[in-house]
Amino acid sequence: QVQLVESGGGLVQAGGSLRLSCATSGRTFSSNAMGWFRQAPGKERDFVAGINWSGGFAQYKESVKGRFTISRDNSKNTVYLQMNSLKTEDTAVYYCAASLYSDSHFTIQTAYTYWGQGTQVTVSS
């Protein structure tokens, strides 16, 4: 059974940092693009960041560019989201997902086959 488990969420003050981790198991990991999505209260789930199979290419939501960095360590079957300069509007449940594709369709939610259960990130003013 494929599992994705997010960790690293919590409460942080505006301007602070958090690092989210997504540990995967149950299948090979290195051939799949990975993504982070988030869902804020009263909002639909939105794309945050995506990374290709090798970690050599990444794509970001415009509002997080320069603040967030997605990375992966295929030897550990883990993907990360480093979040710096956090803002109150970053408050959301953050989800990790594994894509059907290896190097494309990063922003398309239906391209992602497996999803974690999410981790809460709360940014206070």
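This is a predicted model: local features need pLDDT of at least 70, side-chain atom pairs count only at pLDDT 80 or more; totals for chains, interfaces and linings use all residues.
1. Secondary structure. The protein contains 11 strands and zero helices. Read from the N terminus, its elements follow the order β-β-β-β-β-β-β-β-β-β-β.

2. Overall dimensions. The radius of gyration of the protein is 13 Å, close to the 14 Å that the globule rule gives for 125 residues, so the protein is as compact as a globular protein of that length. Along the principal axes, the C-alpha atoms occupy a box of roughly 40 × 25 × 25 Å.

3. Burial and contacts. Of the 125 residues, 41% count as buried. Where contacts join residues at least 6 apart in sequence, 58% of them are between residues at least 24 apart.

4. The disulfide. How many disulfides does a search of the whole structure find? The search finds one. This bond joins Cys 22 to Cys 96, with an S to S distance of 2.1 Å. The pair links distant parts of the chain, since Cys 22 lies in strand 3 (residues 18-25) and Cys 96 in strand 9 (residues 92-99), 74 residues apart. The link of Cys 22 and Cys 96 is left-handed, with -80° about the S-S bond.

5. Is Cys 22 buried or exposed? Cys 22 counts as buried because its relative accessibility is 0%, and buried means under 20%. Cys 96 also has 0% relative accessibility and therefore counts as buried.

6. Lys 76. Where is Lys 76 placed? Lys 76 is in the loop between strand 7 (68-73) and strand 8 (78-83). Its relative accessibility is 55%, so Lys 76 counts as exposed, the cut-off for exposed being over 50%. Along the chain, Lys 76 and Thr 24 are 52 residues apart, and their C-alpha atoms are separated by 8.7 Å.

7. Surface and charge. The accessible surface of the protein comes to about 6,300 Å², and carbon and sulfur atoms account for 47% of this area. There are 11 positive and 8 negative side chains in the protein. The centres of these two sets lie 2 Å apart.

Notes
Residues are numbered from 1 along each chain as its sequence is written. Side-chain values use heavy atoms; hydrogens and water are left out. Helices (H or I, at least four residues) and strands (E, at least two) are DSSP runs, numbered from the N terminus. Buried means under 20% relative accessible area, exposed over 50%, partly exposed in between (1.4 Å probe, protein chains only). A disulfide is a pair of cysteine sulfur atoms within 2.5 Å. The radius of gyration is taken over C-alpha atoms; the globule rule is 2.2 Å times the number of residues to the power 0.38. Contact means heavy atoms within 4.5 Å. Accessible areas come from the Shrake-Rupley method with a 1.4 Å probe; for residues, only the protein chains shown count as cover. Lys and Arg count as positive and Asp and Glu as negative; His and the chain ends are not counted. The place of a charge is taken as NZ of Lys, CZ of Arg, CG of Asp or CD of Glu.
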